[in-house]
Amino acid sequence: AVDAVFTTERPYGVKTIEDYFEAIEKTLEEYAVCISQMITIPGLTCFDWGNFKTMMKDAGDAYLAIGYGEGAYRAKSAIDNTVDRLHRSGHDINKAQRIIVFIIYKRINTHKMRNELEALDDFMNKYDDQVEIKWGLLTDETLGEKTKVEIIGCEKAMLRK
């Protein structure tokens, strides 16, 4: 028995079975890094293993996507990219009952930070009070001018005892 099962998008453009498994391995590695960052790296706003475990408890199918954005509205672009990746892999974030969303960015000035937070706020305001959303902000100086967004969605939220 498990609390949640993560699915990954099917690799496209691979020519050999070895390339297929290499692409799957790379994706799983990226997912493992994503989840470990969410629960171990202190950020401006972050949650711990207990929060993560609570969100995933009895979640059923869970899906994760990672996207990037650049430019003046890089957080919005990254969110849109991530949601698009979810849709391309057959998942509809609008059906999620629980959502974890992280914005990871290089330290920036206050004006640019406002854009990042507005994009996160716009994303979260699309959902009603029945959807449980946890979010976090992390800094990563290696990203340069890019912003990275990680979204985990769970379509089934069973009643907690």
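## Starting from a helix

In helix α3, the buried residues are R74, A75, A78, I79, T82, V83 and L86. Here, buried means under 20% relative accessible area, exposed means over 50%, and partly exposed lies in between (1.4 Å probe, protein chains only). Helices (H or I, at least four residues) and strands (E, at least two) are DSSP runs, numbered from the N terminus.

A word on the model itself: it is predicted, so local features need pLDDT of at least 70 and side-chain atom pairs count only at pLDDT 80 or more, while totals for chains, interfaces and linings use all residues. Residues are numbered from 1 along each chain as its sequence is written, and side-chain values use heavy atoms, leaving out hydrogens and water.

How far apart are the end C-alpha atoms of α3? They are 21 Å apart, which agrees with the 21 Å that its 15 residues should span at 1.5 Å a residue. The expected span is 1.5 Å times one less than the number of residues in the helix. Just after α3 comes G90, with a positive phi of about 90°.

Now pick out T82, which has its place in helix α3. T82 counts as buried because its relative accessibility is 0%. Setting aside neighbours within four places in sequence, T82 is in contact with A65, I66, G67, V149 and I151. Contact means heavy atoms within 4.5 Å.

## The cores

In soluble globular proteins, nonpolar side chains tend to be buried together. A nonpolar core is a set of buried Ala, Val, Leu, Ile, Met, Phe, Trp, Tyr and Cys residues joined through side-chain atoms within 4.5 Å. The largest one has 23 residues, and those touching the most other members are I79, I93, I99, I103, F123, V149 and I151. Two or more residues of this core come from each of β2 (60–69), α3 (74–88), β3 (98–105), α4 (110–124) and β5 (147–154). There is also a second, separate core of 18 residues, with M55, A59, A62 and F102 among them.

Which residues does I93 touch, not counting those up to four places away in sequence? They are Y63, V83, L86, H87, I99, F123, Y127, I151 and G153.

Y127 lies in the loop between α4 and β4 (132–139). Apart from neighbours within four places in sequence, Y127 is in contact with I93, N94, I99 and I133. The C-alpha atoms of Y127 and Q97 are 9.3 Å apart, although 30 residues separate them along the chain.

| Residue | Relative accessibility |
|---|---|
| Y127 | 11% |
| C34 | 0% |
| C154 | 2% |

The structure holds 0 disulfides (pairs of cysteine sulfur atoms within 2.5 Å).

## Another helix

In helix α2 (residues 49–56), F52, M55 and M56 are buried. They lie on the same side of α2, because they cover an arc of only 90° around the axis. The arc is that of the directions from the helix axis to the C-beta atoms. After α2 comes D58, whose phi is positive, near 55°.

## The whole chain

The protein chain has 4 helices and 5 strands, arranged along the sequence as β-α-α-β-α-β-α-β-β. Of its 161 residues, 38% are buried. Among contacts between residues at least 6 apart in sequence, 81% join residues at least 24 apart.
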